[in-house]
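Hello,

Here is the structure you asked about. My notes follow below it.

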Amino acid sequence: MNTPSAPEGDRLPIDALLEWYDTNARDLPWRAPDASPWAVLVSEFMLQQTPVNRVLPVYESWLRRWPAPAALAAEPAGEAIREWGRLGYPRRALRLHACAGTLVELHGGEVPDDVDALLALPGVGTYTARAIAAFAYRQRVPVIDTNVRRVLTRVFDGVADSSANVTNLDLDRAKSLLPLQPERAARTSISLMELGALNCVARTPRCSDCPLATQCRWLLAGFPDNAGPVRRPQAFAGTDRQVRGLLMAVLRESPAPVPAGDLDVVWPKAAQRARALDGLVADGLVDPLPDGRFALPGVVTR
């Protein structure tokens with residue numbers, strides 16, 4: 001049996017990659033042909049640090065309620081937080097609400113197709129702006145998330161994984177791999193992302209079903225254990241994050257402001273509970289009212 005030789009340069013078998021995607025890709029609503037740019041934007045906000053299975057029900061209810069930016073912008077920020085539910089990191093809901101307001105104010109309620117204009121929106125960073133341009137507007141722009149970076153690092157560098165932040169060199173490399181035709185380039189970007197999410201996973205990659213297997217330097221080298229520093233999962237139980245979540249749950253479930261006593265019962269340690277509540281107020285997620293009650297931002301008091 002002949003041992004495959006190491007690949008020469010950074011190249012991708014685009015046809016094989018796209019064929020793999022057509023056969024294996026998940027059927028997700030934000031990838032549907034009729035998904036609006038707003039729907040793609042909403043999905044990208046929600047998918048930050050959150051698994052697809054948790055995002056799906058909130059995404060669907062969100063778009064039923066607010067199918068366009070103007071619908072969301074017309075409601076108080078507290079309603080965005082309420083609809084966000086238990087997705088976590090609720091400041092994303094505030095940013096999405098602010099983003100909707102900016103779209104209405106500066107862009108006629110439409111999501112712009114220019115990366116620089118997208119970067120100027122609240123809550124939109126380098127990855128999100130490029131993802132919207134590629135996936136909503138089918139543009140030839142490089143899109144790199146954790147999954148794409150892991151695929152490219154393994155295939156071209158022979159390294160198991162990398163914990164480094166995305167650099168301009170990463171973006172330049174990714175762009176050089178894309179086909180010149182914009183639609184084909186956009187499909188290549190999403191195919192790389194899906195390959196990293198389904199096959200080229202961190203712990204147990206499915207190399208036998210990988211369209212890039214014959215080019216992968218990491219595979220050819222025998223899977224060396226040369227990953228960057230491992231990021232330890234953040235603890236949750238007993239942390240201020242847990243207490244913040246419990247406080248937010250009380251506020252989300254109440255149609256009206258709640259008295260302090262309703263919040264006191266969610267956690268026995270008064271000092272930690274007060275610290276968590278102060279943090280929520282500082283983050284703009286909770287409004288303290290003059291009568292001592294607390295509410296989601298903009299909720300009508302009565």
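**What I found**

Arginine 273 is buried, at a relative accessible area of 13%. Please keep in mind that this is a predicted model. Arginine 273 sits in helix α15. Its contacts, apart from neighbours within four places in sequence, are Val243, Leu247, Leu263, Asp264, Trp267 and Pro268.

Two of the residues that touch arginine 273, Val243 and Leu247, belong to the α13 side of a helix pair. That pair comes next.

**α13 and α15**

Helix α13 covers residues 240–253 and helix α15 covers residues 270–282. They pack at an angle of about 70 degrees, and their axes are 9 Å apart. That angle makes α13 roughly perpendicular to α15. The crossing of α13 past α15 is right-handed. From α13, the contact takes in Asp240, Val243, Arg244, Leu247 and Met248. From α15, it takes in Gln272, Arg273, Arg275, Ala276, Leu277, Gly279 and Leu280. Sorted by class, the contact of α13 with α15 holds 6 nonpolar, 2 polar and 4 charged residues.

**The chain as a whole**

The protein chain has 15 helices and 2 strands. Of its 302 residues, 43% count as buried. Along the principal axes, the C-alpha atoms fill a box of roughly 80 × 45 × 30 Å. Take the contacts between residues at least 6 apart in sequence: 65% of them join residues at least 24 apart.

**The core**

Which residues have the most contacts inside the largest nonpolar core? They are Trp38, Leu41, Met46, Trp62 and Leu96, in a core of 83 residues. Helix α2 (residues 37–47) gives this core its largest share, 7 residues.

Tryptophan 38 deserves a look on your screen. Set aside its neighbours within four places in sequence. Tryptophan 38 is then in contact with Trp62, Leu63, Trp66, Pro67, Ala68, Pro69, Leu72, Leu96, Ala100, Leu103 and Val111. Trp62 and Leu96 are among those partners, and both are also listed with the most contacts inside the core.

**α2 and α3**

How do α2 and helix α3 (residues 52–65) pack, and at what angle? The angle is about 140 degrees, with the axes 10 Å apart. That makes α2 oblique to α3. α2 passes α3 in a right-handed crossing. On the α2 side, the contact is made by Trp38, Ala39, Val42, Ser43, Met46 and Leu47. On the α3 side, it is made by Val52, Val55, Val58, Tyr59, Trp62 and Leu63. By class, the contact of α2 with α3 has 11 nonpolar residues, 1 polar and no charged.

**α8 and α11**

Helix α8 (residues 126–135) packs on helix α11 (residues 182–198) at an angle of about 125 degrees. Their axes are 9 Å apart. That makes α8 oblique to α11. This crossing of α8 and α11 is left-handed. Tyr127, Ala134 and Phe135 of α8 meet Ala186, Ser189, Ile190 and Met193 of α11. The contact of α8 with α11 splits into 6 nonpolar residues, 1 polar and no charged.

**Loops**

Most residues other than glycine have a negative phi. Two residues here are worth checking against that.

Glutamine 49 has a phi near 60 degrees, a positive value in a residue other than glycine. Glutamine 49 lies in the loop between α2 and α3. Is glutamine 49 buried or exposed? It is exposed, at 66% relative accessible area.

Arginine 138 also has a positive phi, near 55 degrees, and is likewise not a glycine. Its place is the loop between α8 and α9 (146–157). Arginine 138 counts as partly exposed, with 29% relative accessibility.

Glycine 108 is in the loop between α6 (91–107) and α7 (115–119). At 65% relative accessibility, glycine 108 counts as exposed.

**Where to start**

I would open the view on tryptophan 38 and its partners, including Trp62 and Leu96. Then turn to arginine 273, buried in this model, and the α13 and α15 pair with axes 9 Å apart.

Best regards

Technical notes:
Residues numbered from 1 in each chain as written. Predicted model: local features only at pLDDT ≥ 70, side-chain atom pairs only at ≥ 80, totals over all residues. Heavy atoms only, no water. Core = buried A, V, L, I, M, F, W, Y, C linked by side-chain atoms within 4.5 Å. Buried < 20%, exposed > 50% of the residue type's maximum accessible area, 1.4 Å probe, protein only. Helix = DSSP H or I, 4+ residues; strand = E, 2+ residues; numbered from the N terminus. Contact = heavy atoms within 4.5 Å. Axes fitted to C-alpha atoms, helices over the stretch in contact; angles between N-to-C directions. Parallel < 35°, antiparallel > 145°, perpendicular 65-115°, else oblique. Left-handed = near helix turned anticlockwise from the far one by under 90°. Nonpolar A, V, L, I, M, F, W, Y, C, P; charged D, E, K, R; others polar.
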